[in-house]
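Subject: Structure for your files

Hello,

Here is the structure I said I would pass on. My notes on it follow below the display.

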Amino acid sequence: MKKNERKWDGDPIKKIVEAEKEDALQIFRGMDFRGRLQERIKSGPKKTTSLPLWLKKSIPVLGLILVLVCVGLIARILLFPPSPLDRTLGGFEEFFTKSPVLRRILADEEASARKEAIWEKEEFVDFEWILKHVLFSLHRKNIPDEKIPFLMYQILRDVDPKKAERLQIYEVSSQKDFYLKKELECLKDQDCRIKLFSQILIKLKEV
Amino acid sequence: MSLSETVYKICLGFAKNPWDAQDLTQDVYLKAFRNLDSLKDNKYARDWLFRIARNTALDHGRKHRVRQIFLAQSRGEPAETRPPEYQLDHAESLRSLKKAVRQLPKKLRDVFILREYGDLSYREIAEILGIKDGTVMSRLLRAREAVRMQMMEKEYEKK
């Protein structure tokens, strides 16, 4: 390396560079570099307002957290899609209206009136959540809508045969409506409702 | 040799002429003054300043390439005391050298300028560029060779 350096010291290019530096330094020394610099410092902005070090360091971490939260939310939506039955009255009603069998009941004025009566009861609110879970489970297990009333009637009969019998006095136009009416009657009774839906859950486990 | 003169010489390597180099040196010091907070340890002030010089020069080269052409024409040249033949010859060689340095790949140019103009040690250049001493040496050899070849080609074309 030293050999190379010695060789380079005698190189004409080195001499040109040295001459250029020498000339330039004369110019530099002849100018009031310090004075001009001080002037510029005084006239210009004092210092760039930079973020504090702790904030600078935390920016990547915060960014990473934000990205992870976003990824988490997206993954949650993809893996656990929101239930079609939101915990709202509207969502619950929506489910009923989408079910072809239940829609028929709702279309019926008498049934609608009963439904309204049920909805207005305060106690129904407690029960609503259980019912939603049941219906959602039915939905998830892909049980056809038309089988739901029959399933519910069967359970009702298992839970309270007397009440089921008593409910038969209602006039029914068809066997299916009979089940449905019983189902709705049962919904009026809180004890019955709880038993009924406990049984539904058990049945579902069996399914 | 003061620190400002070393910075000035480095800037000279990147600039086209001594006046541009002076402006550049001013910018380097101004930038350093405004970013004093980023200097963690005074022990590294020298390398830190040279690093600013190199980065500022590279930025300057990119931003003011066009502006320099016009400014150089409007500036007054310094009084030259050497014989006219020397002036002519020297100016030609210098132009040729500047062109050759400008045409060097960035990696080689950085090493060449820091060594030949800044007179920095291999260790200092390695620190500034974040490379090994051996890499500095090999790049410097390649840079010198490339400059030599470039200038020889120029000479040949002239003849």
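**A loop residue in chain B**

Asp119(B) sits in the loop that links α6 (106-117) and α7 (122-129) of chain B. Helices here are DSSP runs of H or I with at least four residues, strands are runs of E with at least two, and both are numbered from the N terminus. The model is predicted, so local features need pLDDT of at least 70 and side-chain atom pairs count only at pLDDT 80 or more, while totals for chains, interfaces and linings use all residues. Residues are numbered from 1 along each chain as its sequence is written, and chains are lettered from A and ligands numbered from 1 in the order in which they are written.

Asp119(B) has a positive phi of about 55°, although it is not a glycine. Most residues other than glycine have a negative phi.

**Two helices within chain B**

Helix α1 (residues 3-14) and helix α2 (residues 18-34) of chain B cross at roughly 125°, and their axes come within 8 Å. Axes are lines fitted to C-alpha atoms, for helices over the stretch in contact, and angles run from 0 to 180 degrees between N-to-C directions. The angle therefore makes α1(B) oblique to α2(B) (under 35 degrees is roughly parallel, over 145 roughly antiparallel, 65 to 115 roughly perpendicular, and the rest oblique). The crossing is right-handed, meaning that the near helix is turned clockwise from the far one by less than a right angle.

From α1(B), the contact uses Ser4(B), Val7(B), Tyr8(B), Cys11(B), Leu12(B) and Phe14(B); from α2(B), it uses Pro18(B), Ala21(B), Gln22(B), Leu24(B), Thr25(B) and Val28(B). Residues are in contact if their C-beta atoms, placed from the backbone, lie within 7 Å. By class, the contact has 9 nonpolar, 3 polar and no charged residues (Ala, Val, Leu, Ile, Met, Phe, Trp, Tyr, Cys and Pro are nonpolar; Asp, Glu, Lys and Arg are charged; the others, Gly among them, are polar).

**Where the chains meet**

The contact between the chains takes 24 residues from chain A and 29 residues from chain B. On the chain B side, α1, α2, α5 (84-102), α6 and α8 (133-158) each supply at least two residues. Which helix gives the largest share of that side? That is α2(B), with 9 residues. The side of chain B that touches chain A has 15 nonpolar, 7 polar and 7 charged residues.

**Chain A and its confidence**

Chain A has 12 helices and 0 strands. Of its 207 residues, 15% are buried.

The average pLDDT of chain A is 66, and 35% of the residues score at least 70; pLDDT is the predictor's confidence in each residue, from 0 to 100. Residues 85-89 of chain A have a pLDDT below 50, and this stretch has 9 contacts in the model beyond near neighbours in sequence.

Regards

Conventions
Contact = placed C-beta atoms within 7 Å. Buried ≥ 20, exposed ≤ 12 C-beta atoms within 10 Å, placed from the backbone.
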